[in-house]
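Dear colleague,

My notes on what was found in it follow directly after.

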Amino acid sequence: MSRFNLDNKYKAIVIGGSAGSFQGITQILSALPADFSLPIILCLHRLKHVRNGFVEALSIKSIKPVVEPYDKEGIKKGKVYLAPANYHLCIELGNTFSLSTEEMYNNSRPSIDITLDTAAYTFKDKLIGILLSGANRDGALGMKRIKDRGGLTIIQDPEECMIDTMPNAAKNLTEIDYTLKVKEIIQFLVELDKLYFK
Amino acid sequence: MDRQDIEISDLRRITELVKEQYRYDFTNYAMSSFRRRILRIMELYKFGSADLLIKRLKDDKSFFDEFISEITVNVTEMFRDPSFWRELRDNVIPNILLNHNTISIWHAGCSSGEEVFSMAILLKEMGILNKAKIIATDIDKVILDKAKLGHYSMKNMELNEKNYIRFEGKGSFKDYFTEQNGKAVMDKTLIDNVSFREHDLVQGVVFNKFDLILCRNVMIYFNQNLQNEVLKKHHESLFKYGYLVIGSKESLIWCEIANKFIVVNNEEKVYKKIKD
């Protein structure tokens, strides 16, 4: 029996991270099955004016290439996407991405709240939100939106985080389904993936 | 975005009302950002519900200009993506000038004018500002006035200057503005040859032909159908072998008339019209 209450209704996974999350992200991306089913959408705080390099750095360790989607690109199964520099990454109804250059939110563009909020609006209860280490409050409201629409919320165990402000802010704002160390997040995703017919 | 949310049915009621009463069509705007703009307006004007916003739109015609201003995203910077501006200076514009003595440029969706000033500075440094005919358009009257005025916050100028340095401009960025009462006041002679006009990309007609159209990070607020329609008009508004530039994470791949363009620089999203 799994310690997790798993379900194959989910359509996408969104992961938010900021300061201190890079290592956790690369651990997760390197440990997933090569044919992992669900799309993974990453929104990580990054330098606004450096367009190149980050996606390549993530791809080196990842089981599959990480791509920065174009505006209105369709969200496909089994792909790993990263919010591009200096754009907000939104999820559009009809399962495409939509980019935006609107105001920074929580001093961030891309803002994790915006990605999580728009993903929750589109995927409703079929979304899993994971929030990792970070030094500000971005992502907390987005996690609340996921919970409010019936999705599943996971934070990295604040004890393990290099900077625990971000997961703690989410915990204080909304109900968190699982508080997990990176290794356990991997275990969760691996077990979840087994529920999807290949 | 903090407290409220809004359902799709309410968003549809808003777009229908605006279309019927004001003849602006937002039905094919990207829903994810349109929804946030509406939530932003509700927060700014303290509308506790979509009904209150709808009532105000119905009853108060003078409110509509403000509404348009808030719906459109007007966040931009000078020399955004400095490598693009280098490409423009080093390749695109010299290529256009191989065959012409003058250059006609359209900033489609010019917002508060940062891109127009960037262009003017670039052309001035190339010594060809007087050869350029520039038209800058936007749907939003209020923001056009701001663009014409050319006043920017000093805080934004720090970022603009950093971009200018990355662009490897020939001069000193400070030569192009003076600081007055804590604001950056742009050198107005830069935009002597610029004509600012109100124009809606969605419903507006083709009004001229250009050598170069810049429409960067404007169509991201449209859905794919609307992008298609607008791109057809852009195509029509270009001379054969004219250039179209879109934002760094936009693409022509999915549009119906993609085969009428070739990619000149994929990284900077510069396209060239090759077929009528």
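In chain A, strand β8 (residues 152–156) is mostly covered, since five of its five residues are buried; buried here means under 20% relative accessible area, exposed means over 50%, and partly exposed lies in between, with a 1.4 Å probe and protein chains only. Helices (H or I, at least four residues) and strands (E, at least two) are DSSP runs numbered from the N terminus. This is a predicted model, in which local features need pLDDT of at least 70 and side-chain atom pairs count only at pLDDT 80 or more, whereas totals for chains, interfaces and linings use all residues. Residues are numbered from 1 along each chain as its sequence is written, chains are lettered from A and ligands numbered from 1 in the order in which they are written, and side-chain values use heavy atoms, with hydrogens and water left out.

In a regular strand the side chains alternate between the two faces of the sheet. Both faces of β8(A) are covered, with L152(A), I154(A) and Q156(A) buried on one side and T153(A) and I155(A) buried on the other. Strand β7 (residues 127–131) of chain A runs parallel to β8(A) and is joined to it by four bridges, where two strands pair if DSSP finds at least two bridges between them; I130(A) has I154(A) as its bridge partner in β8(A). Together with helix α4 (residues 140–148) of chain A, β7(A) and β8(A) make a right-handed β-α-β unit, right-handed meaning that, with the strands pointing away from the viewer, the path from the first strand over the helix to the second runs clockwise. Strand β9 (residues 178–180) of chain A is also parallel to β8(A), through three bridges, and T179(A) in β9(A) is the bridge partner of I155(A). From β8(A) the chain crosses through helix α5 (residues 165–173) of chain A to β9(A), in a β-α-β crossover that is right-handed.

Turning to the aromatic residues, the search of the whole structure finds 28 aromatic pairs over all chains, where rings of Phe, Tyr and Trp (its six-membered ring) pair if their centres lie within 6.5 Å, and planes under 30 degrees apart count as stacked, over 60 as edge-to-face and the rest as tilted. One of them is the edge-to-face pair of F79(B) and W85(B), at 5.5 Å centre to centre with 70° between the planes, and both F79(B) and W85(B) are buried. Y164(B) and F173(B) form a tilted pair, at 5.2 Å centre to centre with 35° between the planes. Y164(B) counts as buried because its relative accessibility is 2%, and F173(B) counts as buried at 2% as well. One aromatic cluster is formed by F79(B), F84(B), W85(B), Y164(B), F167(B), F173(B), Y176(B) and F177(B).

Two backbone features in chain A deserve a look. Most residues other than glycine have a negative phi, and most peptide bonds are trans. The peptide bond from R109(A) to P110(A) is cis, with omega near 10°, and P110(A) is found in the loop between β6 (96–100) and α3 (112–123) of chain A. N106(A), which is not a glycine, has a positive phi near 50° and has its place in the loop between β6 and α3 of chain A; N106(A) is partly exposed because its relative accessible area is 29%.

With kind regards
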